Amino acid sequence: MDKEQRYFDYVIVGGGIAAGNAVAGIREADKAGTIGVISADSDRPYERPALSKKLWTDDSFTTDQIFYNVREEHQATLMLETEVTSIDKEAHTVTTDTGDVVKYRKLLLVTGGKPQVIDGPEDDKVFAFRSFEDYTKLRSLSGDHQHVAVVGGSYIGTELAANLALNNTKVTLIYPQNTLGDNRFPEEIAKEYELTYVDHGIEMISKTRAEKYTKEGDKLVLHLDNGNTVEADSIVLGLGVAPVLDLAKDAGLDVDDGVIVDEYLRTSDPDIYSAGDIASYPDPILGRQRIEHVDHARNSGTAVGKIMAGINEPYDHTPYFYSMIFDISWKAIGTLDLSLDLLIDEVDGGKVVYYLKEDKPVGILTWNVEPDLDKVRELIDNPPASSELLKGAIRNQED
């Protein structure tokens, strides 16, 4: 017997930050429409960045504070540990791996990214850090002088290496850059960045990639591309993610390195939308972008929810990137391309780096400076006549 078909006014595929904010965005405009969230995760939507940031550094911040109450606050139906396997655009339905068929009026794809991995046997002490379950697992494996090898110089890798070290854990960080961060930061800043890790007792192995890992007794062994090995109690893979695009591709939506959307986050199908990590959208300042960062996930999620529910306002937010490790806080907007001309401005005990193309800033990095981000965006959107006029333009924001 065929299963009874379910119907929701809004179906959201994915359960991350963009999904949680989309539910809230829908409810700003539509208090009664039915919302179904289909997620492969075992937990309801939550603030993923806290898993590598605040939960490690702020004892007053607890795990219950990271979750979106999409059921209680917004009456959304959650279908967890469920994967959508196909979309039928004509029938306005999605089919799940449980065989359920769910009909929608509007569909949102926020499938996020899949972590990159290396070869090795399945082991519960080796994981690509991505989920709340991964956080709880790593927390249990940290402290008490346990040795954790972190592979990769990504946001996740660098933040976890720092915060593990701050929590009584021996850490080895393995990364391909000559100097940590030298793929985005000027040399003088990258050296300061790397030295901070060294000063906190982290073993740094640069210019190296891990090719695979093996299990030897109760230890894990990483095999590096220089022929050396690293033995550890557990391994965290911080190798970045690949956008999950198969569902969109198979549905015949327009896709390049992301799901192509217009300024209303609408795909090539007028009733299907996309946001967050997988969306390739037209940024009003930077041009077409696909951005994997929390500020974009939050803002594009809220925007697309409101749009789906009838508030016809374009997504015009230019997101920023940020990270905090030890006593370093940095934020950035735009393109951090080291092949461009650089202008480094020392202000307020920190630095502002301008990445210049034809004497105009196309990217701005603030290093231990807490700026007015609207001012940063304005300098990219409407730059001064000469780059010399950029000096002193960005300082600590006044309270």
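1. Buried means under 20% relative accessible area, exposed over 50%, and partly exposed in between, with a 1.4 Å probe and protein chains only. By that rule isoleucine 333 is buried, because its relative accessible area is 1%. The model is a predicted one: local features need pLDDT of at least 70, side-chain atom pairs count only at pLDDT 80 or more, and totals for chains, interfaces and linings use all residues. Residues are numbered from 1 along each chain as its sequence is written, and side-chain values use heavy atoms, with hydrogens and water left out.

2. Isoleucine 333 sits in strand β22. Helices (H or I, at least four residues) and strands (E, at least two) are DSSP runs, numbered from the N terminus. Contact means heavy atoms within 4.5 Å. Not counting residues up to four places away in sequence, isoleucine 333 touches Thr318, Pro319, Tyr320, Val362, Gly363, Ile364, Leu373, Val376, Arg377 and Ile380. Its C-alpha atom is 33 Å from that of alanine 251, which is 82 residues apart from it along the chain.

3. Arginine 377 belongs to helix α8 (residues 373-381). Is arginine 377 buried or exposed? Its relative accessibility is 11%, so it counts as buried. Its side chain reaches the backbone oxygen of threonine 318 at 2.6 Å. For such polar contacts the rule is a pair of N or O atoms within 3.5 Å; within protein, one must be able to donate a hydrogen and the other to accept it, and residues adjacent in sequence count only if both atoms are side-chain atoms. Beyond four places in sequence, arginine 377 touches Ile285, Asp295, His317, Thr318, Pro319, Tyr320 and Ile333.

4. Now the sheet. Five strands form an open sheet in the order β21-β22-β25-β24-β23, with antiparallel pairing. The edges are β21 (321-325) and β23 (341-347); each has a single partner strand, so one side of each is left without a neighbour in the sheet. From one strand to the next the twist averages 15°. Two strands pair if DSSP finds at least two bridges between them. β23 and β24 (residues 350-357) pair in the antiparallel sense over 7 bridges. Leucine 342 has tyrosine 355 in β24 as its bridge partner. Helix α4 (residues 155-165) packs on the sheet, touching β21 and β22 (328-334), and its direction makes about 20° with that of β21. Axes are lines fitted to C-alpha atoms, for helices over the stretch in contact, and angles run from 0 to 180 degrees between N-to-C directions.

5. Strand β19 (residues 279-283) has 4 of its 5 residues buried, so it is largely enclosed by the rest of the structure. Tyrosine 281 is bridged to glutamine 289 of β20. β19 and β20 make a hairpin, with 3 residues between them.

6. Serine 274 is placed in strand β18 (residues 272-274). It counts as buried because its relative accessibility is 0%. Its side chain reaches the backbone oxygen of leucine 109 at 3.0 Å. Leaving aside neighbours within four places in sequence, its contacts are Leu108, Leu109, Val259, Val261, Leu265, Thr267, Ala279 and Val304.

7. A nonpolar core is a set of buried Ala, Val, Leu, Ile, Met, Phe, Trp, Tyr and Cys residues joined through side-chain atoms within 4.5 Å. The largest has 91 residues, and Ile12 and Tyr197 touch the most other members. A second, separate core of 20 residues includes Ile38, Leu107, Leu109 and Ile278.

8. Helices α1 (residues 17-29) and α7 (residues 294-308) pack at about 30°, with axes 6 Å apart. Residues making the contact include Ala22, Gly25 and Ile26 of α1 and Ala297, Gly301 and Val304 of α7.

9. Two loop residues deserve a look. Most residues other than glycine have a negative phi. Glutamate 81 has a positive phi, near 50°. It lies in the loop between β3 (77-79) and β4 (84-88), and at 58% relative accessibility it counts as exposed. Histidine 92 also has a positive phi, near 60°; it is found in the loop between β4 and β5 (93-96).
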